Each structure stands twice: as structure tokens, then as C-alpha cells.
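Please read the following report with the sequence and the model side by side. It moves from the whole chain to single side chains.

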Amino acid sequence: MLFYNNDKFGLKAQYAIPFPALREMNRYQLYYRSPDLALTHDTIYVHMVSAHLKSSSGGTNESLRNQMATAVMNHLTSSGVLPNSNVLIMGDFNLYGSYEAGYKTLTENTLQPTLKFNDLLPLGGNLIWNNAAYAPYHTQSTRVASLTDGGAGG
């Protein structure tokens with residue numbers, strides 16, 4: 001699901017990114033509601049990709065995350081989203097480090113290197129993020145275990 005300010009943006013289109021059997025991924029194409037849009041008929045488009053990659057550690061899950069990341073990149077390529085388009089990807093990637101193939105698929109894209117995502121928090125190297133040194137950067141639950149109040153552990 002995507003929430004946005006309808007005064008600032010309008011929804012031009014929504015596309016499902018096919019990946020059978022796991023989770024739905026979507027691309028939303030928004031346009032900027034420029035104050036002079038009715039006069040100029042010119043706007044800026046932004047593509048927002050929402051993804052929830054497979055969770056849990058282990059080779060099979062890492063492979064599924066990479067397959068899902070590949071499905072996103074293939075969708076963007078085949079749908080004509082050009083390398084100079086405004087594209088943001090967001091969601092729960094469940095990546096355990098920059099060493100994972102799924103991370104590399106999104107940030108390096110060796111099949112089409114001009115279409116790749118820039119990590120806004122590049123920590124460098126082939127890092128394992130699941131340790132206390134990276135706690136300031138974690139977006140997962142800050143709890144070690146689930147509590148009775150319904151909060152998730154992570």
C-alpha cells in the first residue's frame with residue numbers, strides 16, 4: 001500500500017510486479033501536481049516500488065530474496081522505466097547484509113547497470129548488518145524478543 005499527499009501527487013497508474021507464490025509487489029506511477037499543471041500540461045513522474053522480500057536467514061531464503069529483487073528489476077526494465085526516471089524502492093527487504101545477492105541485484109544490476117538503486121545509507125563492503133554495531137541503522141524492531149504488549153521482536 002502507498003500513502004501520499006494527494007495535494008502534491010496524483011496516481012497515474014498502478015502495476016503488479018509478478019512473483020508467484022510469495023508476496024505481492026507493486027509499482028505506483030505518481031505525477032507531481034504542479035501549480036501550473038493545467039496550463040503547461042507538463043509534470044514530473046515518480047515511480048514508487050513497494051516490496052516485502054522473503055524473511056529469515058539461510059541460503060534458500062537468500063535465494064528467494066534475490067529472485068524477488070530480480071523480478072523487480074526485470075519489471076522495471078520490461079515496462080520501459082528508463083534509467084533516468086525517478087524510481088524509489090521501499091518496503092521490508094529482510095536483507096542481512098550487503099553481501100547478499102538480492103542487495104547486489106538492486107544496487108549493481110549487472111544485467112542493466114544503468115538501471116540500479118542507490119543505497120541512501122551505504123555502509124560499504126560486504127557487511128553483515130545483523131550485529132549491535134549497526135543498531136543505529138536498523139529499521140527492524142528494536143526489541144530482542146516479543147513482549148506481551150504485542151510488539152514484535154527482531
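**Overall layout**

The model is predicted, and its protein chain holds three helices and four strands, which run β-β-α-β-α-β-α from the N terminus on. Along its principal axes the C-alpha trace spans about 55 × 40 × 30 Å, and 32% of the 154 residues count as buried. Among the contacts with a sequence separation of 6 or more, 53% are between residues 24 or more positions apart. The accessible surface of the chain comes to about 9,700 Å², and carbon and sulfur atoms account for 55% of that surface.

Helix H2 consists of 20 residues and reaches 28 Å from its first C-alpha to its last, which is close to the 28 Å expected at 1.5 Å a residue. Its buried residues include Asn61, Arg65, Asn66, Met68, Val72, Met73, His75 and Leu76, and what covers the buried residues of H2 includes S1, S2, S3, strand S4 (86-92) and helix H3 (101-107). After the helix comes glycine 80, whose phi is positive, near 80°.

In soluble globular proteins, nonpolar side chains tend to be buried together. Here the largest nonpolar core has 17 residues, and those with the most contacts inside it are Met25, Val49, Val72, Met73, Leu76, Val87 and Phe117. The elements that give two or more residues to this core are S3 and H2, with H2 giving the most, namely six residues. Methionine 73, listed among the residues with the most contacts inside the core, touches Thr105, Leu106, Asn109, Leu115, Lys116 and Phe117, when residues up to four places away in sequence are not counted.

Arginine 65 is placed in helix H2 (residues 59-78) and counts as buried because its relative accessibility is 0%. Its side chain reaches two backbone oxygens, that of lysine 54 and that of asparagine 94. Apart from residues up to four places away in sequence, the residues that arginine 65 touches include Leu53, Ser55, Phe93, Tyr96 and Glu100.

Histidine 47 is placed in strand S3 (residues 45-52) and, at 7% relative accessibility, also counts as buried. Its side chain is joined to that of arginine 27 by a polar contact. With residues up to four places away in sequence left out, histidine 47 touches Arg27, Tyr28, Gln29, Val81, Ser85, Asn86, Val87 and Leu88. Histidine 47 and asparagine 66 are 19 residues apart in sequence and 21 Å apart in space, C-alpha to C-alpha.

| Side chain | Partner | Distance |
|---|---|---|
| Histidine 47 | Arginine 27, side chain | 2.9 Å |

**The aromatic pair**

A search of the whole structure finds one aromatic pair. It is formed by phenylalanine 9 and tyrosine 32 in an edge-to-face arrangement, with 6.1 Å centre to centre and 65° between the planes. Phenylalanine 9 lies in strand S1 (residues 9-17) and tyrosine 32 in strand S2 (residues 25-32), so the pair ties together parts that are 23 residues apart in sequence. Phenylalanine 9 counts as partly exposed at 27% relative accessibility, and tyrosine 32 likewise counts as partly exposed at 34%.

Key
Residues are numbered from 1 along each chain as its sequence is written. This is a predicted model: local features need pLDDT of at least 70, side-chain atom pairs count only at pLDDT 80 or more; totals for chains, interfaces and linings use all residues. Side-chain values use heavy atoms; hydrogens and water are left out. Buried means under 20% relative accessible area, exposed over 50%, partly exposed in between (1.4 Å probe, protein chains only). A polar contact is a pair of N or O atoms within 3.5 Å; within protein, one must be able to donate a hydrogen and the other to accept it, and residues adjacent in sequence count only if both atoms are side-chain atoms. Contact means heavy atoms within 4.5 Å. Rings of Phe, Tyr and Trp (its six-membered ring) pair if their centres lie within 6.5 Å; planes under 30 degrees apart count as stacked, over 60 as edge-to-face and the rest as tilted. The expected span of a helix is 1.5 Å times one less than its number of residues. A nonpolar core is a set of buried Ala, Val, Leu, Ile, Met, Phe, Trp, Tyr and Cys residues joined through side-chain atoms within 4.5 Å. Accessible areas come from the Shrake-Rupley method with a 1.4 Å probe; for residues, only the protein chains shown count as cover.
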